[in-house]
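Me: I have a structure open and want a quick walk through it. Can you take my questions as they come?

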Amino acid sequence: MSETSSEVVIRDDQASHRYVAEIDGNRVGMAVYHLRDGRHFFVHTEVDAEHERQGIGTRLVQEALDDVRDRGGRVVPICPLFAAYIKSHKEYDTIVDHEIMNRLEGKGPA
């Protein structure tokens, strides 16, 4: 992943199925996903309390979405932070698997 400031680094820890935000090699946040058939089901995002309100959660979401898009993948934003981010950044709507989202929301065939 990329480093967009001198402190925070976002990377995909594929073995643990999470994107991790690190400062000086220490984890300060993460976005957990399940990978199924090329789809990243983002289920939970958290940032350590001492690092809240510094934009780390937003960076996690943006960089994870950019990475999935760059790899040609799809996303299922179950995590409310991912869903809200995509809703306000329409450029990511093209990588959302709306068929699965509709099923999960009870709007389509099971």
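This is a predicted model: local features need pLDDT of at least 70, side-chain atom pairs count only at pLDDT 80 or more; totals for chains, interfaces and linings use all residues.

Me: OK. How many helices and strands are in the protein chain?

Reply: The protein chain has 3 helices and 5 strands.

Me: And what pattern does the chain follow along the sequence?

Reply: The order is β-β-β-β-α-β-α-α.

Me: What about the radius of gyration of the protein chain?

Reply: The protein chain has 14 Å. A compact globule with 110 residues would be near 13 Å, so the value agrees with that. Along the principal axes, the C-alpha atoms fill a box of roughly 45 × 25 × 25 Å.

Me: How much of the chain is made up of buried residues?

Reply: Buried residues account for 41% of the 110 residues. The chain exposes about 6400 Å². Carbon and sulfur atoms supply 47% of that area.

Me: What share of the contacts joins residues at least 24 apart?

Reply: That share is 40%, counted among contacts between residues at least 6 apart in sequence.

Me: Let's go inside. Which residues touch the most other members of the largest nonpolar core?

Reply: Tyr19, Ala21, Phe42, Ile56, Leu65, Val75 and Phe82 do, in a core of 28 residues. Elements giving two or more residues to this core are β1 (8–13), β2 (18–23), β3 (26–36), β4, α1 (56–70), β5 (74–77), α2 (80–88) and α3 (98–104).

Me: Which element gives the most?

Reply: Helix α1 does, with 6 residues. As background, nonpolar side chains tend to be buried together in soluble globular proteins.

Me: Take Tyr19. Buried or exposed?

Reply: Tyr19 counts as buried because its relative accessibility is 0%. Tyr19 sits in strand β2. From Tyr19 to Met30 is 5.4 Å, C-alpha to C-alpha, although the two are 11 residues apart in sequence.

Me: Next, Ala21. What does Ala21 touch?

Reply: Leaving out residues up to four places away in sequence, Ala21 touches Val8, Val9, Ile10, Asn26, Arg27, Val28, Gly29, Ile56 and Leu60.

Me: Where is Val8 found?

Reply: Val8 is in strand β1. Val8 is buried, at a relative accessible area of 7%.

Me: Switching to charges. How many salt bridges are there?

Reply: The count comes to 7 salt bridges. One of them pairs Asp12 with Arg71, where the closest N and O atoms are 3.3 Å apart.

Me: Why does the Asp12 and Arg71 pair tie together parts that are apart in sequence?

Reply: Because Asp12 lies in strand β1 and Arg71 lies in the loop between α1 and β5, the pair ties together parts that are 59 residues apart in sequence. Asp12 counts as buried at 15% relative accessibility. Arg71 counts as partly exposed at 46%.

Me: Which residues are linked with Arg71 in a network of salt bridges?

Reply: Asp12 and Asp67 are linked with Arg71 in that network. In the bridge between Asp67 and Arg71, the closest N and O atoms are 2.9 Å apart. Asp67 is buried, with a relative accessible area of 11%. In general, side chains of opposite charge can pair when their charged atoms come close.

Me: I also see Glu63 and Arg59. Where do Glu63 and Arg59 lie?

Reply: Both lie in helix α1. They are 4 residues apart, about one turn of the helix.

Me: Are they buried or exposed?

Reply: Glu63 and Arg59 are both buried.

Me: Last topic, the outside. Which residues form a nonpolar patch on the surface?

Reply: Val43, Ile78 and Leu104 do. Together they have about 240 Å² of accessible area.

Me: Where is the place of Val43?

Reply: Val43 is in strand β4, which covers residues 39–47. Val43 is partly exposed, with a relative accessible area of 30%.

Note on methods: Residues are numbered from 1 along each chain as its sequence is written. Side-chain values use heavy atoms; hydrogens and water are left out. Patches are made of residues with over 30% relative accessible area and no salt bridge: like charges are joined within 9 Å, nonpolar side chains (Val, Leu, Ile, Met, Phe, Trp, Tyr) within 5 Å. Accessible areas come from the Shrake-Rupley method with a 1.4 Å probe; for residues, only the protein chains shown count as cover. A salt bridge is a side-chain nitrogen of Lys or Arg within 4 Å of a carboxyl oxygen of Asp or Glu. Buried means under 20% relative accessible area, exposed over 50%, partly exposed in between (1.4 Å probe, protein chains only). The radius of gyration is taken over C-alpha atoms; the globule rule is 2.2 Å times the number of residues to the power 0.38. Contact means heavy atoms within 4.5 Å. A nonpolar core is a set of buried Ala, Val, Leu, Ile, Met, Phe, Trp, Tyr and Cys residues joined through side-chain atoms within 4.5 Å.
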